[in-house]
There are 2 protein chains.
Amino acid sequence: MANDDFQAVFHPRSIAVIGASSDPMKFGGRTYLSMRARLDRERLYPVNPNITEIDGAKTYPRIQDIQEDIDFAIITVPAPFVVQAVSDCAEKKVRALEILTAGFTETETKEGAEWENQMADIAQRNNMRIVGPNCFGVYSPLSPLTILPGPDYPKETGTLGIFAQSGGFTSNLSRRILDLGIRINKAVSYGNACDLNEMDFLSYFKEEENTRVIAAYIEGVRNGRRFLDLAKEVTLKKPVIIWKGGLTNQGSRAVASHTASMGGSSIIWQAFFHQTGAVPAIGVDEMVDLIVGFHCIPDFKAKRFSVVGGGGAITVAAADALEKEGLSILPFSEDTQKAIRAYLPPHGNSAKNPVDMGTPRFLAPTLKPILEAISESDRVDAIIIEQMAFDSSGSIDEKLAKAISSVHIDGGKSIIMTLPQNSTGSEGISAEQSRRKYREYYLSHGIPVFDSLERAVNVLGKILRYNELKARGNTI
Amino acid sequence: MANDDFQAVFHPRSIAVIGASSDPMKFGGRTYLSMRARLDRERLYPVNPNITEIDGAKTYPRIQDIQEDIDFAIITVPAPFVVQAVSDCAEKKVRALEILTAGFTETETKEGAEWENQMADIAQRNNMRIVGPNCFGVYSPLSPLTILPGPDYPKETGTLGIFAQSGGFTSNLSRRILDLGIRINKAVSYGNACDLNEMDFLSYFKEEENTRVIAAYIEGVRNGRRFLDLAKEVTLKKPVIIWKGGLTNQGSRAVASHTASMGGSSIIWQAFFHQTGAVPAIGVDEMVDLIVGFHCIPDFKAKRFSVVGGGGAITVAAADALEKEGLSILPFSEDTQKAIRAYLPPHGNSAKNPVDMGTPRFLAPTLKPILEAISESDRVDAIIIEQMAFDSSGSIDEKLAKAISSVHIDGGKSIIMTLPQNSTGSEGISAEQSRRKYREYYLSHGIPVFDSLERAVNVLGKILRYNELKARGNTI
């Protein structure tokens, strides 16, 4: 696909919404109104033959009635009218489309399949690109384009590229990542993929210089061999995290009903991940964890850890979890232990590594010198800190967060935080609010944060394996 | 161990705190003040030779100076004074003790080991039971006893028995379970286990009639063969969930520093779980999930599922996850599909099973008849519903929760909810509050709730395997 096609998809200067309405409960209304709130220097044209204006903006009966050139059209009309709308776009020489409407091959009806073939045909003959149908569209922060239901997505851009066959997943993953303060370069939900597909988006993000991490949810791949070769090339440049849906018989059946894709077998995909170095994920939680990890510590290579926790079980769990990933916790030298012990009460803790602080409530004046002592140890490359307790006023946590960040910056060792959600009742919401505030603080200082030790160690293992593979030039 | 020993440990009528103080920052202060706030008809005596009263209560220089009989003593004095305190208790004919103080075998010093041997000796010679040392003690809701730092733990009792070598874990797990509205029968943190150990507590919970689920965190077992035989017997009566810490070399080292236990090998423990039918867990999150599952659906035997979600990716993920556990999602009959389709828009969803509602925002008037149609299907034994969106006002969610609960009660099929935490920013806390409120609502109606599909399916698989083993009388 040519570069200027992507220009039209991700940075259109003139946009038509076919099926625009003033009703935010309709796709056409929500999309039009969302984009109208996001316009900068772009022009937006509502198309709808049944009304004459939407909140003061003149509507056009057909896209051909618009005088100016249109880069990008968004089609939201019901399925039986989509082929005509696509044909109108071709006549208008629109460069690219997104078709939000569903009701095509995924319905497993003859009619649906025919309509989808027709729109793909028209696009190909007219050199017009289609995203969809049966999707939530494109979020491109520097343009007005925003996936459903994202009217409030930020206009700041980032370094994460997302492409996914599921609209719900794209919007859900984007929301969760944005909530953590991480910004997105582009997110595309591409549904049935009648034209643009996984190959196109992976190629695009490969070359897009600001994209440093790629995350994908894929139900089916058109050409397995080509996709594998492309993935091999991309992973040499940047990490590609893939959640492959539909790897079981039941999952494949669900995939057919969802985006009319072919699921593929579990064994083939295991080989794919093995050969390409793409990073496998299952579910939204693991996807978020991996994005956080690759975003904060893309070049992570540490294998010798220190763990600092507030209780013996935590340190035992960390030691077990790290060893299972082939990562080590070496006992500190006598000097390091002595330096740490100076800040701990005489008993009920451990200065050996893991460090058991003996209390879940860490205080900056104790934790900071302990972290400094650990940072000076030549037996440690990275430090995992489990902060379990949050103070609802927040002032203690603020001092703690500043102390941890300063050691992260000055100490020369990566810090990884785990902030488990220990206060889980509806009454204890203030502790959760404080936890989230400090999670955002740590992330904004480049410190990755995970909800549990098990989840942190899973991500560290996957980042390390990716970086090893990349260093060896991807050869297994 | 005799039954009246347990009476003294879990329901003492007279309690002495040796090392009581008025300072809540000290163990002796926090423990004394917590219990004082929890007294019902029991008597509580502070012992401390250095002060004469605590908030109006007369202190005793030594436990022997108390006139009345003492069932239970709590020792919080520094390590070098503990043996003397234990000896004083023996002279006073105290029935049982908990020793919160640390600084014994876990320090790996000669002195620490000697002190611990001495206290164990005194206890044995005087037929006095010890919980600890190096622990957070006992929480027994119908008594004043509450583990640290649990002054506000409820006085209502429940059906969960917890025993754990780690005090922090006991208090953390208890807090999380209580936050969900589930009540605890007893929770014991038993630290170095110089006297009472895993055998005693497992035997106790085996016979305790109100205990229906047992959860344990174990670092080391004294007599593996006896523990295995006992576990086999217990799992025939009730589920035993065990997190075994220290199964790696590093983990074993951490275990030695924590409670001076022997870690044991991973292969031996795999065989243990296989032979006993005890349910393995790793980490606090999985422990909480399993407790929730066994609490709500102890006799779960369903293998044919329906999944209802708001998006195609969710239904694909569910189908994949269930199949990996050997569980099935059968396509609905044409009649069931037709009944469901009547409540769905024409496209962008699926009525086949999994059901894709086409929107993450479920409404009671649509969801309820769909669930009723599914309940009538003879191809389904249980329904998993993923509710992704929460309305901050809560009124929509309330109608939804009532509709789901009514189908759960009247429909004759188990309902399992997954409520992912999709709004994760510090700004979106009201959605999280609503999510928690409805999680508690569902749990109080006997509907288990999990944070993700993957976690729900993990628990369902483990409950099913436990129930199969139990039905076969534990023979593998």
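Colleague: In S10(B), which residue is the bridge partner of Gly161(B)?

Modeller: This is a predicted model, where local features need pLDDT of at least 70 and side-chain atom pairs count only at pLDDT 80 or more, while totals for chains, interfaces and linings use all residues. Residues are numbered from 1 along each chain as its sequence is written, and chains are lettered from A and ligands numbered from 1 in the order in which they are written. Strands (E, at least two residues) and helices (H or I, at least four) are DSSP runs, numbered from the N terminus. Five bridges join S9(B) to S10(B) in parallel, and in S10(B) the partner of Gly161(B) is Lys186(B).

Colleague: Which strands are the edges of that sheet?

Modeller: Two strands pair if DSSP finds at least two bridges between them. The open sheet of six strands has the order S8-S10-S9-S11-S12-S13 in chain B, with mixed pairing. Each edge strand pairs on one side only, and these are S8 and S13 of chain B.

Colleague: How many residues of strand S10 of chain B are buried?

Modeller: A residue is buried if 20 or more other C-beta atoms, placed from the backbone, lie within 10 Å of its own, exposed if 12 or fewer, and partly exposed in between. S10(B) is joined to S8(B) by three antiparallel bridges and to S9(B) by five parallel ones. The strand spans residues 184-189 and is mostly covered, with the buried count being six of six.

Colleague: Which helix gives the largest share of the side of chain B that touches chain A?

Modeller: Here 72 residues of chain B are in contact with 72 of chain A. Several helices give two or more residues, including H5, H8 and H10 of chain B. The largest share, 11 residues, comes from H11(B).

Colleague: Is Lys303(A) buried or partly exposed?

Modeller: Lys303(A) sits in the loop between helix H10 and strand S14 of chain A, touching Leu327(A), Ser328(A) and Asp381(A) outside its four-place neighbourhood in sequence. Because 14 other C-beta atoms lie within 10 Å, Lys303(A) is partly exposed.

Conventions: Contact = placed C-beta atoms within 7 Å. Lists of a residue's contacts leave out its neighbours within four places in sequence.
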